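Dear colleague,

I am handing over the structure that follows, and below it you will find notes on what turned up in it. Please read them with the sequence and the model open beside you.

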Amino acid sequence: MARVKPERRRPIDLAISAIIVVVVAAVGLIAWLISPVRGTTSVQARSAPPEVEQPAAVPAAFAPRWQAASDATVTPAIADSVVVTGNGGTVIGHDPASGAQVWSYRRDLDLCVVDTAWTASTDLALAVYRNSRGCSEVTALDAKTGARKGTRTSDADDQLRLVSDYGYVVAQGPRRLETWGSNLVRGIEYGRVEAPVRPEDEAKRRDCEIFSSAITGDRMSVVERCADDPGYRLTVLGALLDDDERVEQHGSTLITGDVSGPPPVVIAMSSSGIAVYDGGASPAEPPALGGESGPSIRRFDTEGVATGSNTVSGDAAPPSGSVPIDGSGVVTYWTGKSTVVLDAQSLKPIYQVPGTLGPGQVMAGQLLLPSTAGISVRDVATGREIRSIPLTRSSAPDGVVSLRVLGDVVVEQRGTTIEAFGPA
C-alpha cells in the first residue's frame, strides 16, 4: 500500500491561520469587556425562602429588628417573602424578620432604581442601572433566589421611575417612557423616541415633559405638558401597540388652564377611572369640575374625562418621595399634610388622616399609618383610630415616611434608610 504524504503547509497558510486565531481571540476579548457579566457578582439563595405567614392580629408592640441603606428605592420594595434594597450598585434580598441576606446581585454600575413587580404570578425584583445612555440597563431577578431571569437595554432618560400592576411595568423618565411585560419585552415607547417606527406620530410628543404615570391592565395614564399647551394634560394610552403598530391614545385632556402651579400627580388608575392629586392649579374648565380651589383629589374616567373632585388637606407640591401604596382594597397617598385613603376600585377618597408622616398599608384587616409617635392603627372603613403603637426609630423622621407590611413585620423607608420592626 502506498503511503500518503502529508499535505505541505505553505507559509501563507500558516499566516492566515495565525490571523484567524488573533481575530477570534480579539472578538472574544471585546465581547467579554462589553458583556454585563464582566463586573457582575451574583450570590444566589440555595433555596427559596419560606412563605411569610399572615398574622391574625396586629401585634401589641413593635421593636426595631434591622436597617439597611437603600438609595435606589423611595418606598420599601416588598416581594412575597423578602424585602429588596438597592444601594450603590448592589441589590439585596433580605429576610424580613432578621434582615439577613438571602441573595445579592452587584454590578460595577450605579443603580437608578430598584422595585418589585408581578408578585401575583412571577415574583421579580427589577434593577435598573445607569450607563452612558441613561438609566437603560435593566436586570430582572427572581425575588426569592436572586437568579437572573432576564435583561434588556434601551435608550432612557437619566432619571427613571417604575410603576407597575400585575400585567405591565411603566419605566417613566421626564422625556420618555416605555412599558414592559414580565418578559421585559417592550410594549410601547412614548415621548422622545430616537428611532420611531412612525415618525409622523411620534413627532407629536417629542416636545412634551412627562411628570407622573399610573397603569392598570392594558391602559396607562400620564400627566404631561407639551410645548404648545397652556396647561398640564392628562393622557390615556394603551400599554401595547395597536394593530397598526401605533401607540393607541384613548383620550387626552387639558386639566389645568395654566402652569402657574406644580404639575398634578397621577395617584392611581383602576378599571373604573384615574385619581389625580392637584395641589391647586387653575382647572381648565372650572364649571365642569365644580370650581374647587386649593388641593384636591380629582377623578377622571379611563378616557381622561373629569368625573368628580374632593377637596383635601395638602401641600401645593407633595414632598419628593410621596408615592402611593395600595393593597387590601385601598390606596393611601400622602399629600404632605395628611394621608388620603381611597377606594382602590372607584378611586374615590374615603377619608383623610391629618398629622401623619406618609402612606401606609393594611395588616390583619387594620390600616397602619406612620405617625410622629410611631404607628397609628386605624379602622380601614372609617379611619377611626383604634390605638397608637410607639416606635423607637433609629433617627427622627425628616420628610416622607413610607410604611409597608410583610407578614407581621413593618418596614419603613425614611430618606435612603430602610428600617424593619417586628413584634416585641
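**Buried charges and their partners**

At 13% relative accessibility, R152 counts as buried, where buried means under 20% relative accessible area, exposed over 50%, and partly exposed in between, with a 1.4 Å probe and protein chains only.

This is a predicted model, in which local features need pLDDT of at least 70 and side-chain atom pairs count only at pLDDT 80 or more, while totals for chains, interfaces and linings use all residues. Residues are numbered from 1 along each chain as its sequence is written, and side-chain values use heavy atoms, with hydrogens and water left out.

The partner of R152 is E178, and the two form a salt bridge whose closest N and O atoms are 3.7 Å apart (a side-chain nitrogen of Lys or Arg within 4 Å of a carboxyl oxygen of Asp or Glu). This pair links distant parts of the chain, since E178 sits in strand β13 (residues 176-180) and R152 in strand β10 (residues 148-153), 26 residues apart; strands (E, at least two residues) and helices (H or I, at least four) are DSSP runs numbered from the N terminus. E178 is likewise buried, at 3% relative accessibility. Both residues belong to a network of salt bridges that links R152, R176, E178, R186 and E189.

A salt bridge also joins the side chains of D157 and R192, at 2.8 Å from N to O, and both of these residues are buried.

E419 and R414 form another, with their closest N and O atoms 2.6 Å apart; E419 is buried at a relative accessible area of 3%, and R414 is buried at 8%. In total, the structure holds 16 salt bridges.
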